[in-house]
Amino acid sequence: MSEKNMVEALHDTLSQMMQHDPRLVLLGEDIGVNGGVFRVTDQLLTQFGSDRVIDTPLAESAIVGTALGMAIGGLRPVCEIQFLGFLYPALDQLISHVSRIRARSAGALGAALVIRAPFGGGIRAPEQHADSAEGYLTTIPGLKVAIPSSPADAKGLLIAAIEDEDPVVLLEPIRLYRLGREEVPDTLYRVPLGTARIVQPGRDVSVITYGAMVPLARAAATQLQQRYGWDVEIVDVRSLSPLDEETLGQSVRKTGRAVIVHEAPLTGGFGAEILATVTEQAFWWLKAPIVRVTGPDVPFPPYAWEDWYVPNVSRIAHAIGQVMAEE
Amino acid sequence: MNQYPVVRVMDVEGTLAFSSSLETALHIYQDMILLRAFDEKTLTLQRQGRVGTFAPSLGQEAAEIASAYALDRQDWMVPSYRDHGALYVHGLPLDHVILFAMGRSGSYAAGVRALPSSIPIATHLLHAVGLAYALKQQAEPAIAMAYFGDGATSEGDFHEALNFAGVWQVPVLFFCQNNGWAISTPVHRQTHSETLAQKAEAYGIAGVRVDGNDALAVYEVVRQAREKAIQGHGPTLIEAVTYRAGPHTTADDPTRYRTSNEVNIHTAQDPIRRLGEFLIQQGLLTKTLKEQMMRDSKERINEAVGRVEAQGAVMVGDMFRHVYQTLPTRIQRQWHEWEDRSHE
């Protein structure tokens with residue numbers, strides 16, 4: 001057991017899994033010699049060789065498309081897309097093939113592959129490096145989508161994703177990559193896909209969120225606890241697809257109030273799915289209308305506007321105040 | 001730049017450069033007959049409303065069948081939607097081909113090393129490259145071959161696939177049937193290149209142009225490219241020059257964009273007649289044998305159609321069953337709802 005940040009946790013997990021399973025191959029842009037632009041695959045080329053740690057030409061559709069062929073052919077590919085905003089050329093592969101090869105082959109073939117992609121704002125990255133595109137991905141049947149908010153979850157979700165017989169997209173919040181360290185067990189453990197996590201239990205209101213918004217929600221909760229004594233429950237969705245409807249429903253049936261937070265734009269965002277699910281599960285327990293805190297319906301702006309765009313502690317605290325005000 | 005002359009197996013002196021036995025040629029002929037009979041039957045069924053929209057192979061039988069004969073069963077076939085002939089040769093049972101035409105299943109059978117037919121153009125070339133990577137990595141003496149048309153060479157995935165294949169030097173073949181038309185778009189509106197084979201050059205891989213209506217030449221070219229790939233000498237783009245004598249699909253009306261004169265010129269080069277004449281000259285085929293083959297084909301197809309039509313309605317649960325290996329509760333719940341509805 002040692003303290004790790006998320007990059008270290010992901011790196012060490014990939015290394016462990018590569019040793020554990022010789023079928024595992026990594027492919028992506030600049031992941032070999034350079035160790036990945038965020039260094040998640042640092043030194044893995046030296047450790048495992050260029051047949052298993054593949055620096056690919058620059059073509060996202062080809063990274064995902066060839067990975068599907070590799071998976072059907074008996075390998076276990078883990079792709080890195082350098083930034084989620086660069087995944088779009090590969091959406092055709094994900095929608096048309098990766099997600100439906102199992103259905104199209106009546107269960108005989110599967111796409112046991114993982115796509116890792118850093119995402120989200122908050123690090124003053126150049127334009128188009130900060131998109132939160134999870135909402136597109138969760139609309140694709142046959143795909144799984146997970147987002148860790150801590151180093152330990154990053155490890156457990158990555159292992160679960162690698163071992164899954166179906167395709168999993170693991171979205172890694174860039175802002176959390178090196179934000180904090182925590183104890184990460186050395187053993188191979190799994191965070192089962194389809195399970196949410198109660199980050200902190202509370203009685204008064206549920207804040208349902210994921211990824212880089214989790215620490216912001218905690219900060220808001222601490223503030224409100226100190227100021228008004230409100231007991232805020234924080235639910236980290238962490239597996240968007242499949243969604244842990246049960247945990248979300250339980251939480252809101254208990255508190256009767258919910259605030260949903262994500263960075264992606266409001267309209268058609270994953271928050272709408274959470275809101276619908278929670279309403280189905282807990283309508284008769286609701287004491288106040290549910291409030292969403294999200295990015296506005298504008299393209300992710302150049303970073304001078306970033307602090308306006310990305311939800312922050314004060315917006316989250318304000319929204320909690322709004323639902324607490326209703327009686 | 002390299003030249004890309006059209007490969008034929010019979011040279012001007014009449015010498016035949018065909019490495020396999022003439023028995024193989026006769027088998028190829030037989031399956032070409034079957035494919036044509038299948039298309040004729042399916043077109044009839046389509047008009048009767050018993051089969052949905054369907055893409056016939058009329059005029060492309062040599063390219064379809066002979067290319068597949070050049071593969072071994074452990075090779076991966078990565079087909080497009082018009083390649084039911086090739087799939088059949090590679091082991092897909094006739095019943096499955098009909099099930100696919102009837103919209104009742106993917107063109108897939110467990111145990112056959114072929115992916116379900118790709119519908120989006122050129123996307124599957126990448127799967128062939130990935131499969132070839134896996135074969136190489138696991139030291140399997142086999143190749144992957146993708147089937148596609150001239151229109152696919154305009155898609156980004158075509159170029160990405162050739163590029164990755166070149167960089168990785170994996171045992172993959174790209175089998176392009178240049179049939180002259182992508183629905184209504186002729187090849188000269190698809191590319192300003194003189195040939196499609198020459199596109200290989202930009203990616204540092206081999207390009208070969210073959211007379212796609214010369215079954216034996218197709219067989220020979222694919223066989224050689226396969227051998228080369230297995231030996232570790234890299235991928236090949238094969239352009240089989242042929243002609244789509246029929247419509248793109250049953251939903252298409254080719255009289256809107258091409259003249260009957262053009263079609264007539266090409267039908268004169270019909271690949272089945274061509275191979276038939278050759279086999280007759282070789283003393284391997286007789287009129288009687290040919291008629292026998294046609295009768296057998298029709299009979300086999302009718303039997304398969306009968307079996308498939310006797311299967312009854314599809315089960316609603318089958319559209320849920322294989323979305324994931326382990327179904328999430330939400331889909332399980334939906335399955336139950338639909339199941340209840342189907343019993344109402």
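Residues are numbered from 1 along each chain as its sequence is written, with chains lettered from A and ligands numbered from 1 in the order in which they are written. In this predicted model, local features need pLDDT of at least 70 and side-chain atom pairs count only at pLDDT 80 or more, while totals for chains, interfaces and linings use all residues.

**Exercise 1. Describe how domain 1 of chain A meets domain 2 of chain A.**

Step 1. Take the bounds, which come from an automatic or database domain assignment. In chain A, domain 1 covers 2-184 and domain 2 covers 197-325. Their centres, taken over C-alpha atoms, are 26 Å apart.

Step 2. Count the residues in contact (C-beta atoms, placed from the backbone, within 7 Å). Domain 1 of chain A supplies 26 residues and domain 2 of chain A supplies 24 residues.

Step 3. Find the elements. Helices (H or I, at least four residues) and strands (E, at least two) are DSSP runs, numbered from the N terminus. On the domain 1 side, α6 (134-137), β6 (144-146), α7 (151-163) and β7 (168-173) of chain A give two or more residues. The most come from β6(A), with three residues.

Step 4. Sort that side by class: Ala, Val, Leu, Ile, Met, Phe, Trp, Tyr, Cys and Pro count as nonpolar, Asp, Glu, Lys and Arg as charged, and the others, Gly among them, as polar. The domain 1 side holds 12 nonpolar, seven polar and seven charged residues.

**Exercise 2. Which elements of chain A give two or more residues to the side that touches chain B?**

Step 1. The contact involves 35 residues of chain A and 32 residues of chain B.

Step 2. The elements are α3 (60-72), α4 (91-98) and α5 (101-104) of chain A. Of these, α3(A) gives the most, with nine residues.

Step 3. By class, the chain A side has 14 nonpolar, 14 polar and seven charged residues.

**Exercise 3. Locate the buried residues of α4(A) and what covers them.**

Step 1. A residue is buried if 20 or more other C-beta atoms lie within 10 Å of its own, exposed if 12 or fewer, and partly exposed in between, with C-beta atoms placed from the backbone. In α4(A), the buried residues are Q93(A), L94(A), H97(A) and V98(A).

Step 2. These residues lie on the same side of α4(A) because they cover an arc of only 115° around the axis. The arc is that of the directions from the helix axis to the C-beta atoms.

Step 3. Their cover includes α3 and α5 of chain A, together with α5 (125-137) of chain B.

**Exercise 4. Which residues touch the most other members of the largest nonpolar core?**

Step 1. A nonpolar core is a set of buried Ala, Val, Leu, Ile, Met, Phe, Trp, Tyr and Cys residues joined through C-beta atoms within 7 Å. The largest has 205 residues, and V259(A) and I238(B) touch the most other members.

Step 2. Helix α1 (residues 22-47) of chain B gives the most to this core, with 10 residues.

Step 3. Leaving out residues up to four places away in sequence, the contacts of I238(B) include L173(B), F175(B), V210(B) and A225(B).

**Exercise 5. Is K199(B) buried or exposed?**

Step 1. K199(B) sits in the loop between α7 (187-190) and β7 (206-211) of chain B.

Step 2. K199(B) is buried, because 21 other C-beta atoms lie within 10 Å.

Step 3. Beyond residues up to four places away in sequence, K199(B) touches T153(B), S193(B), G207(B) and L237(B).

Terms used. Two residues are in contact if their C-beta atoms, placed from the backbone, lie within 7 Å.
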